[in-house]
Amino acid sequence: MLGILKRPIVVTVKINLSLVALTVAGLVSRLWKLSYPRAVVFDEVYYGQFISLYMKRTFFLDGSGPPFGHMLLAFGGYLGGFDGNFVWNRIGAEYSQNVPVWSLRFLPAVAGALCIPLAYQIVLELHFSHCAAFGAALLILFENSLVTQSRLMLLESILIFFNLLAVLSYLKFSNSRKHSSFSTTWWFWLILTGVACSCAVGVKYMGLFTYMLLLTIAAVHTWHLIGDQTISNVSLLCHLLARGVALVIIPVILYLSFFYVHLVLLNRSGPHDQIMSSAFQASLEGGLARITQGQPLEVAYGSQITLRNVLSKPMPCWLHSHKNTYPIRYENGRGSSHQQQVTCYPFKDVNNWWIVKDPGTHKLVVNSPPQPVRHGDIVQLVHGITTRLLNTHDVAAPLSPHSQEISCYIDYNISMPAQNLWRVDILNRESDTDVWKTILSEVRFVHVNTSAILKLSGASLPDWGYRQLEIIGEKLSRGYHQSMAWNVEEHRYGKSQEQKERELELHLPTQIDISKNLSFMARFSELQWKMLTLKGENTEHKYSSSPLEWITLDTNIAYWLHPTTSAQIHLLGNPLTWSSANVATLTYMLLFLWYLVRRRRNICDIPEDSWKLWVLAGSVCWGGWAVNYLPFFMMEKTLFLYHYLPALTFQIILLPIVLQHVSDHICRSGLQRSTFSSLIVVWFSSVNLVFHTFSPLTYGEQPLSASELKALRWKESWDILIRKR
């Protein structure tokens, strides 16, 4: 022990001052006067609503992406003490004093700042020079569009951060496996790759593009590993399992955990409840849960029920009837049965109540003990208020002439007997003896006489049907569709045989307490499916644009305009950087194809090691640009310039790599290299100058005159806001 004290304890720490300087510069550029403007800027009006709902633990559904990004923004609000009380209804609205603007914008700003050192390290891990790495970091530092997007309560900077972190982690893992497979460092970078990929996908579905790219690169590297004869079979199997766990299983588990936390936090009924199934709604506090609390679980003969259509499109609705009848003759000349109308009504109403009747008896009350209805049983559905039975016959539906009309039967003493028997098919049954359950069971009603299936057509009836939705009997069913499925939402056991007493009974709550909590996986599956299939209004926006306009920077977005001065914030890129990045992307592709063709002819223009680095750099950077850009040509949604920013980031990182390659392998003489290096210095200075030229539109602090604003309009297609005097 005393021997240790005879020598001094020395700790050696290596600090990359360039990396520190770049990080500090990034933080300064993104955090400088972050709370300005203290007003709602563009899409902050969109994300702010969700942050307020998180603060109030109120459920919502956003079809734009998974919840992790929203939770990060909400975490910033939580750290700032935000109570969620602000009305997010107008761009430009001044924030009230209870809104912690700096805290809400902090995490996107930090994420944007950290993209700078990440870009620096990625270029180094690709085995290019310190100058190329420093250049990539400076280009991101001086990119106006990335600065603007990072300084606001938006998700793109967070997405780009996780994309770059995933790429860097995989490169570090790939480089470390050559020397120390299965070491602590090896495991750390491999697992971090999967975690970062999952976080990227959890922020926005766009993160899936980079995740798929890295999985492809990892698959190629693994294929080469399989061919390595120096590795034993046991070691190879361990390599495969490690990659499978770290790059597939862990990301999936982490992705599920985002939804788990999301659903734990948002446990209260909210504005988007109606989109979800009855079972999902019943799992939330308040709303339907308050209405359905204590309902019987098993539907029995004599049960009083409301039936909600599972499809919920074009809107959630319930099977409904009222005393009005179908018109004797429709406007197109076709006749009807003149029976009582049956519709789907999008609001809670006493006319939504039906009684499940045993065809063999006249009783409309539940026996003691209750006789449950099972899959395959034949029932009659009696409308609770009018006491008429659900019926269909060989009469064309009002708006769907190829389907049968659904009605409640009125006996007109004519040759049209009642056909009111229905078979209950439980679609999500586990066995053929399953009991019909409240909320949980999805059932289909098959007409016994005609085999027609009770279905929501989705069409709105004319004024005689009060614009309610049409219900039809689908005779030629083409398999399962949610429009044919129904679930019991509200349910009580009927006790009164007399009609007047029964009408009063329909308004009374039940007292039997049975839990209907859904499992997490059931709630996750439904929520994920709704996110993927929910279609918002695909309307044309003033600042929407096409992918072709992005690469040439023919578009911009006016984010904010000062209410009294000409100060304004625009999403507008550094034109010199964008055009240079396009040239570098095209240059890489042409050089790659040139080298590839000549290597096919056994002509090697560059050394083998340089070729491998060139291919890897292209796979990461050129591939990152392609997978984050080209899919937008196939998307049918409203697109904006900010959708291009993840692709642009990879393009910018590729730019100094191409410059170094030209200097090292294209420039043959020392004079050419010196001249080329001088041109690069001039070009970098120009990039910096252009950045500062457009910085008034990036930060929005400086009011500009009309002439100054016109001078910044380098393209006719740019929408620079000039106030009229």
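1. The sulfur of Cys667 lies 15 Å from the closest cysteine sulfur, in Cys131, and this is too far for a bond. Cys667 is buried, at 9% relative accessible area. (Buried means under 20% relative accessible area, exposed over 50%, partly exposed in between, with a 1.4 Å probe and protein chains only.)

2. This is a predicted model: local features need pLDDT of at least 70, side-chain atom pairs count only at pLDDT 80 or more, and totals for chains, interfaces and linings use all residues. Residues are numbered from 1 along each chain as its sequence is written, and side-chain values use heavy atoms, leaving out hydrogens and water.

3. The structure holds 1 disulfide, a term for a pair of cysteine sulfur atoms within 2.5 Å. Cys317 and Cys344 form it, with sulfur atoms 2.2 Å apart. The S-S torsion is about 85°, so the disulfide is right-handed. It links distant parts of the chain, 27 residues apart: Cys317 sits in the loop between β1 (303-309) and β2 (318-325), Cys344 in strand β3 (residues 340-345). Strands (E, at least two residues) and helices (H or I, at least four) are DSSP runs, numbered from the N terminus. Both Cys317 and Cys344 are buried.

4. Cys621 is in no disulfide; the nearest cysteine sulfur, that of Cys115, is 14 Å away. Cys621 is buried, at 1% relative accessible area.

5. Asn574 lies in the loop between β14 (568-571) and α17 (575-600). Its relative accessible area is 0%, so Asn574 is buried. The Asn574 side chain reaches the backbone oxygen of Val687 at 3.1 Å.

How values were computed
A polar contact is a pair of N or O atoms within 3.5 Å; within protein, one must be able to donate a hydrogen and the other to accept it, and residues adjacent in sequence count only if both atoms are side-chain atoms.
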